[in-house]
Amino acid sequence: MAQKKQDLKPDTVLKNYWRNNDRFADFFNAVLFEGRQVIKPEELEDDDTAESSILEHREFTESIQASKDNIKIQKKSTAYFDLSPPA
């Protein structure tokens, strides 16, 4: 019997993993705040991860796009968590 090969990319798996607000809050509260519940999962929401721009110079025009892995914004406060590496 042939096995079905899965075509899972590590980047996609990690992005899906960090979309879970409970998991995100637990990990970063442990690492950044010594376990204190500073980041609350119910106050987290996802932000748009796509960035785009148009470069223009004389007769040359090009559009560029970049995407970060995950961006979380904590509602009810001014906290902004962008924990992805620079693009």
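Does Phe 28 count as buried or exposed, and at what relative accessibility? In this predicted model, Phe 28 counts as buried, at 13% relative accessibility (buried, under 20% relative accessible area; exposed, over 50%; partly exposed, in between; 1.4 Å probe, protein chains only). Residues are numbered from 1 along each chain as its sequence is written, and local features need pLDDT of at least 70, side-chain atom pairs pLDDT 80 or more, while totals for chains, interfaces and linings use all residues. Side-chain values use heavy atoms, with hydrogens and water left out.

The largest nonpolar core has five residues, Phe 24, Ala 25, Phe 28, Ile 39 and Leu 44 (a set of buried Ala, Val, Leu, Ile, Met, Phe, Trp, Tyr and Cys residues joined through side-chain atoms within 4.5 Å). Helix α2 (residues 21–33) supplies the largest share of this core, three residues; helices are DSSP runs of H or I, at least four residues, numbered from the N terminus. Phe 24 is buried, at 3% relative accessibility.

Six aromatic pairs were counted (rings of Phe, Tyr and Trp, the last by its six-membered ring, with centres within 6.5 Å; stacked under 30 degrees between planes, edge-to-face over 60, tilted for the rest). Tyr 17 and Trp 18 form an edge-to-face pair, with centres 5.1 Å apart and planes at 90 degrees. The pair of Phe 24 and Phe 28 is tilted, at 4.8 Å and 45 degrees; these residues are four apart in helix α2, about one helical turn. Ring pairs link Tyr 17, Trp 18, Phe 24, Phe 27 and Phe 28 into a cluster.

Tyr 17 is partly exposed, at 40% relative accessible area. Arg 23 lies over the face of Tyr 17, 4.1 Å from the ring centre (NZ of Lys or CZ of Arg within 6 Å of the ring centre and within 35 degrees of the ring normal).

Conventions
Helix = DSSP H or I, 4+ residues; strand = E, 2+ residues; numbered from the N terminus.
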